[in-house]
Amino acid sequence: MLSSTMPRCRWALRIIWLAFLLRGGFYCQLIPLWEGYDEWGHYAFVEHLRLHHGSLPRTSDGVSEEIHQSVESAFIKHEAAEPLKLFEAQQPPLYYWVLSVPNRIWIGAPISTRVRRLRMFSILIASLAIPFAYLAAFELFYSRRIALSVCALIAVMPELMIDVARIGNESLAIAIASWLIWLLLRKQAPALGLALGLGLLTKAYFLAFIPILILRRRFYSLAFALGISGWWYWRNFRSTGTLTGEIMDVAARHLSWSTKLAAFGKVHWLSAIDTALWTHIWSGAWSFFTVKSWMYRVFEVIYAMVLIMVIYALLKRPIGRFKVKLGLLLSLEALFIAGISYQTVTIYLSKGISFAPGWYFYALIVAEALLLATGMLILAGRKRVLLAMGFLIGLFAALDVYSAIFVLARHYKH
């Protein structure tokens, strides 16, 4: 029985992986140039490495004339302000080092061609979340069918695809975070320090993983991770007075903690939570298109039900491996919520708005999908969990088709 099931699972996983890549290719062509979140700024970092022989940029550096002219003549004009500065120099450099290799190879092509090719390269990187999701789901549920349903759920999420179908370091961050989550769910994980170190050189929000390693007493892994990435954070601290180097954090660095705590009380948290949810469920790229409000409410109700079921499982189930792993996944989500909440406070201090960027939570897409599958398992039972997951996959697929055809394509054709 096992020998006949394994090949079918492998083929099913390959099909899901291919579907992710094909959807990615569709979105790479659908979304106009520079319509991806901060895409021109991310590409300016990649180009700076080529033009300046690998030296790291500063946020005060300008962009190349080619990028400037391309942004000026873009199909959709929005947040770019004159003079264009390389503000994404705030980001750790690993993703940009990786993309600088194909960028040098394709430099003879027009900029629009290079951008779309690098988008597909980013999709390929992000697609590594699919096999890591399968491994993590099997580690949690010991069921290949549930593991495949988790991968299928990730493969149809529309906002995830909008997040990675662009030049931007989220694609590499999602792949590495998915690897990290699988390693954390395992008993033996010798590569944990390497994964965290690479993650810290990709996005500063990987700092949220550090408390998990401390609580698990994985001090050697943590030391190895800091050995890989510590130079970047020391560099940030020396130049900006902050560990992250993030623009909003730097802008608020002179403010006392008492001022920040006071701002915490002034933030309109219901509004911030609402923006976090709709920018996580679906937000139409940098133009921030939205779908009908009731569509968001459907998914919000599902997320609320799943959260209640997961908490119920933690409270009612006897202590065991499943409960410990479930607690790990919830802890990761809680740590990310804490990090995004701090960023929300810095955004409020800098811009006076209550806004929480929900797309950052896609770094934990594997943890999110596992928690959703857990909720479906508790609600429907083991015999009907695949039906429940199929229903959830169908809902996300319907949102994907509707948003792509009736929102994005309709707008972009004009």
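Visitor: Which residues lie nearest the centre of the largest pocket, and how many residues line it?

Guide: This is a predicted model. In it, 45 residues line the largest pocket. Nearest its centre lie Q90, E246, M248, Q343 and Y360.

Visitor: What makes a residue count as lining?

Guide: A lining residue has an atom within 4 Å of a pocket point. For the largest pocket, 45 residues are counted as lining. Its volume is about 1300 Å³.

Visitor: Which elements give two or more residues to that lining?

Guide: They are α2 (39-51), α13 (247-251) and α17 (321-351). The largest share is from α17, with ten residues.

Visitor: How does the lining of the largest pocket divide by class?

Guide: It has 27 nonpolar, eight polar and ten charged residues. Met and Tyr count as nonpolar and Glu as charged.

Visitor: What is the volume of the second largest pocket, and which residues lie nearest its centre?

Guide: The volume is about 830 Å³. L277, L307, E333, I337 and F361 lie nearest the centre, out of 25 lining residues. By class, the lining has 19 nonpolar, three polar and three charged residues.

Visitor: Which helices each supply at least two residues of this second lining?

Guide: Those are α15 (269-281), α16 (293-316), α17 and α18 (365-380).

Visitor: Why is W97 called partly exposed?

Guide: Its relative accessible area is 35%. Buried means under 20%, and exposed means over 50%. The value for W97 falls in between, so W97 is partly exposed.

Visitor: Where is W97 found, and what does it touch?

Guide: W97 is in helix α4, residues 94-105. Leaving aside residues up to four places away in sequence, W97 touches L49, L56 and W231. Take L56: 41 residues separate it from W97 in sequence, and the C-alpha atoms are 9.8 Å apart.

Visitor: Why is α7 described as roughly parallel to α19?

Guide: The axes of α7 (residues 144-156) and α19 (residues 385-412) cross at roughly 10°. Angles under 35 degrees count as roughly parallel. The crossing angle is under that cut-off, so α7 is roughly parallel to α19. The two axes come within 9 Å.

Visitor: Which residues meet where α7 and α19 are in contact?

Guide: From α7 come R145, I146, S149, V150, A152, L153 and V156. From α19 come V385, L386, M389, L392, I393, F396, A397 and D400.

Visitor: How do the residues of that contact divide by class?

Guide: Twelve are nonpolar, one is polar and two are charged.

Conventions
Residues are numbered from 1 along each chain as its sequence is written. This is a predicted model: local features need pLDDT of at least 70, side-chain atom pairs count only at pLDDT 80 or more; totals for chains, interfaces and linings use all residues. Side-chain values use heavy atoms; hydrogens and water are left out. On a 1 Å grid over the protein atoms alone, a cavity is a set of points where a 1.4 Å probe fits but cannot get out, and a pocket is an open set with protein on both sides within 12 Å along at least five of seven lines; lining residues have an atom within 4 Å of a point. Grid points are joined across faces, edges and corners, and a volume is the space filled by probe spheres set on the points. Helices (H or I, at least four residues) and strands (E, at least two) are DSSP runs, numbered from the N terminus. Buried means under 20% relative accessible area, exposed over 50%, partly exposed in between (1.4 Å probe, protein chains only). Contact means heavy atoms within 4.5 Å. Axes are lines fitted to C-alpha atoms, for helices over the stretch in contact, and angles run from 0 to 180 degrees between N-to-C directions. Angles under 35 degrees count as roughly parallel, over 145 as roughly antiparallel, 65 to 115 as roughly perpendicular and the rest as oblique.
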